[in-house]
Amino acid sequence: MESVSAVLLKCSAPKARIFVVFTCMLVCTSLLCLLQLKLFSHRKQSFYSFEVQNSKGKTVSLEKYRGKASLVVNVASQCEHTELSYRSLQQLQKELGPMHFNVLAFPCNQFGDSEPGSNYDIESFAKANYGVTFPIFSKIKVLGSEAHPAFRFLVDSTNKEPRWNFWKYLVNPEGQVIKVWKTEEPLAAIKQEVSALVAKIILKKREEL
C-alpha cells in the first residue's frame, strides 16, 4: 500500500507543473515587455525619431534628415535678431545644404510675443524678405510642459534651454546634439563647426563607396 505522503505527492505533481509553466510564461512575458520598452526608448533617443508638422499642418517624420547635419533653430519674425539671424541661416543653407546639411526652423512665440502670425504668414515673411530655402515647420512651444517632444529632446540632451529666439542646436547624422549656440554668437563660429561636421559626413560617404 502506498504511503499517505506518496499519494499527496502524486496529487500535487500536476499542480506543481502547472505552477512552474505559469511562472515561466510570466517571466518570459515580463522579459519581452522590458526588451520592447528598451528598444522603444533607444529608438526615441534620437532627434530624427520624432514627428513634427510642416508649415501646412501636415505631420512629417524627421527621419528624412537622418544621415545629415541639422541646425535646429527656434525662429521669430518680430525680433531684434530676426534680420541678421535669418540672413546668416540662409547663407549657411546656401553654402552647405541641402545634400549634407539643413537648417530646420521652428517658429515660437514664447519670447516677447515676437512670432504672433500664422504658419502661412511666418513662412511667407521669411521667403519674401530673406529668400529662405530651408524648411520652416509649424509654430511650436519650446519651453514648459507644452514644449514639443522633439525640442524637449534637444533641451534634455544638453541641459541648455533657450532663453530667447534663435538658439541653435547642431544635430549630427545620428540625431544627437553636439553643439549649442546662444542668440548672439557670431556666424563665423557656427559655420566653422557645421563645416567640419559636413566634411566628416562627406568623407565617410566616400569611404563607404
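This is a predicted model: local features need pLDDT of at least 70, side-chain atom pairs count only at pLDDT 80 or more; totals for chains, interfaces and linings use all residues.
Residues are numbered from 1 along each chain as its sequence is written, and side-chain values use heavy atoms, with hydrogens and water left out.

So what is the protein built from? It has five helices and six strands, taken from DSSP runs (H or I of at least four residues for helices, E of at least two for strands) and numbered from the N terminus. Starting at the N terminus, the order is α-β-β-β-α-β-α-α-β-β-α. Among contacts (heavy atoms within 4.5 Å) with a separation of 6 or more, 65% join residues 24 or more positions apart. The accessible surface is about 12500 Å², and carbon and sulfur atoms hold 60% of that; the areas come from the Shrake-Rupley method with a 1.4 Å probe.

Now for a single residue. An unreviewed UniProt entry carries the annotation "active site" at Cys79, though such annotations may be inferred rather than shown by experiment. Where does cysteine 79 sit? Look in the loop between strand E3 (69-75) and helix H2 (82-96). Cysteine 79 has a relative accessible area of 11%, so it counts as buried. Leaving aside residues up to four places away in sequence, cysteine 79 touches Ser114, Trp164, Asn165 and Phe166.

On to the pockets. A pocket here is an open set of points on a 1 Å grid over the protein atoms alone, with protein on both sides within 12 Å along at least five of seven lines; lining residues have an atom within 4 Å of a point.

| Pocket | Volume | Lining by class |
|---|---|---|
| Largest | about 180 Å³ | six nonpolar, four polar, four charged |

The largest pocket is lined by 14 residues, with Leu84, Ser85, Ser88, Thr183 and Glu185 nearest its centre. H2 and helix H5 (187-208) each give at least two residues to that lining, and H2 has the largest share, with five. The lining of the second largest pocket includes Gly67, Asn172, Pro173, Glu174 and Leu197, along with Lys200 and Lys204.

Definitions and conventions: Buried means under 20% relative accessible area, exposed over 50%, partly exposed in between (1.4 Å probe, protein chains only). On a 1 Å grid over the protein atoms alone, a cavity is a set of points where a 1.4 Å probe fits but cannot get out, and a pocket is an open set with protein on both sides within 12 Å along at least five of seven lines; lining residues have an atom within 4 Å of a point. Grid points are joined across faces, edges and corners, and a volume is the space filled by probe spheres set on the points. Ala, Val, Leu, Ile, Met, Phe, Trp, Tyr, Cys and Pro count as nonpolar, Asp, Glu, Lys and Arg as charged, and the others, Gly among them, as polar.
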